[in-house]
Amino acid sequence: MAELGLNEHHQNEVINYMRFARSKRGLRLKTVDSCFQDLKESRLVEETFTIDEVSEVLNGLQAVVHGEVESELINTAYTNVLLLRQLFSQAEKWYLKLQTDISELENRELLEQVAEFEKAEFISSNKKPIVDNIRPKLAPLNEGGAAELLNKEILRLQEENEKLKSRLKATETQATNALDEKSKLERALQDLQLDQGNQKDFVKAQDLSDLENTVAALKSEFQKTLDDQTENQKSLEENLATAKHDLLRVQEQLSMAEKELEKKFQQTAAYRNMKEILTKKNDQIKALRKRLAKYEPED
């Protein structure tokens, strides 16, 4: 029996889709056959026809068949888009970016393999139908737990990234407040020195010494406060630099984890399965075009 290189679950999913495609194809072929039958019953009632009458009959038949085939091709394309949407939506839950190889859709060897698979599944009299009344929703893939671990690591790194961003913002706020406080203290010192200069001429000699001592004490206290603020600012700047380094490290780990998860998924059977499905559908479209070409009049 022909195989597609998939596990039992995925192979059953492929069979279900092929059953759906065969059903739609059969209905459309019956519609085309009915177009010819209607023509025979409604128009071919005379024994002889002129060239103009034959041309008119064939043109009418061509228009009807063209419309039926075009409608089926459009519906097939839209159906494939919905199938791809399901696969891509499932992949996005795992932060994956799937890629397709359109050239593989015309791989004759793979197309023949799909044809053999269809023949073995649907034409063999000994093949039992697959019962699939319940259609489960797509669930995230799990390749031996590795993908799940990578996904958890990505979530953890994202949470740590958010925490570091909050910490960085708080540190920047503290640094800004420290700079504002330093500016206020410097302005207060300048105002004090200005007041001292304006009042020197009006202060008695015996009070001048006391005033200078007071100013010296204020200067000493201010210098101490300024040194403390400088040290605090330096510490905040160091914390800010550390937080930025930690943020860059976490972002790099997050990027590496995402690349590792994407690389692992591209090696799975599901990724190859999607390519094979696209290959099969392209071959079906080509087959329909060839069949349509048989009914087009030659120039």
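Arg 156 and Glu 160 both sit in helix H4 (residues 146-199), four residues apart, which is about one turn of the helix. Helices here (H or I, at least four residues) and strands (E, at least two) are DSSP runs, numbered from the N terminus. This is a predicted model, in which local features need pLDDT of at least 70 and side-chain atom pairs count only at pLDDT 80 or more, while totals for chains, interfaces and linings use all residues. Residues are numbered from 1 along each chain as its sequence is written, and side-chain values use heavy atoms, with hydrogens and water left out.

Arg 156 forms a salt bridge with Glu 160, and the closest N and O atoms are 3.1 Å apart. The term salt bridge stands for a side-chain nitrogen of Lys or Arg within 4 Å of a carboxyl oxygen of Asp or Glu. Buried is used for under 20% relative accessible area, exposed for over 50%, and partly exposed for values in between (1.4 Å probe, protein chains only).

With these terms in hand, the overall fold can be described. Of the 299 residues in the protein chain, 26% are buried.

The whole structure holds nine salt bridges. One of them joins the side chains of Glu 118 and Arg 22, with an N to O distance of 3.2 Å. This pair links distant parts of the chain, with Glu 118 in helix H3 (residues 108-122) and Arg 22 in helix H1, 96 residues apart. Glu 118 is buried, at a relative accessible area of 17%, whereas Arg 22 counts as partly exposed at 32%. Asp 283 forms a salt bridge with Arg 108, where the closest N and O atoms are 3.6 Å apart. Asp 283 lies in helix H6 (residues 269-293) and Arg 108 in helix H3, so this pair ties together parts that are 175 residues apart in sequence. Arg 108 has a relative accessible area of 42% and is therefore partly exposed.

The structure holds one aromatic pair. The ring centres of Tyr 17 and Phe 20 are 6.2 Å apart and their planes meet at 45 degrees, so the pair is tilted. Tyr 17 counts as buried at 13% relative accessibility, while Phe 20 counts as partly exposed at 38%.

Helix H2 is the next point of interest. Glu 72 is found in helix H2 and is buried, with a relative accessible area of 8%. Glu 72 and Leu 27 are 45 residues apart in sequence and 9.9 Å apart in space, C-alpha to C-alpha. Tyr 95 is in the loop between H2 and H3. Tyr 95 has a positive phi of about 60 degrees although it is not a glycine; for context, most residues other than glycine have a negative phi. At 33% relative accessibility, Tyr 95 counts as partly exposed.

Leu 44, Phe 49, Val 54 and Leu 58 make a nonpolar surface patch of about 330 Å², and Leu 58 is in helix H2 (residues 51-92). A patch of negative charge on the surface gathers Asp 227, Asp 228, Glu 231, Glu 237 and Glu 238. Within this group, Glu 231 is in helix H5 (residues 205-266) and counts as exposed at 53% relative accessibility. Patches are made of residues with over 30% relative accessible area and no salt bridge, with like charges joined within 9 Å and nonpolar side chains (Val, Leu, Ile, Met, Phe, Trp, Tyr) within 5 Å. Lys and Arg count as positive and Asp and Glu as negative, with His and the chain ends not counted; the place of a charge is taken as NZ of Lys, CZ of Arg, CG of Asp or CD of Glu. Accessible areas come from the Shrake-Rupley method with a 1.4 Å probe, and for residues only the protein chains shown count as cover.

Terms used: Rings of Phe, Tyr and Trp (its six-membered ring) pair if their centres lie within 6.5 Å; planes under 30 degrees apart count as stacked, over 60 as edge-to-face and the rest as tilted.
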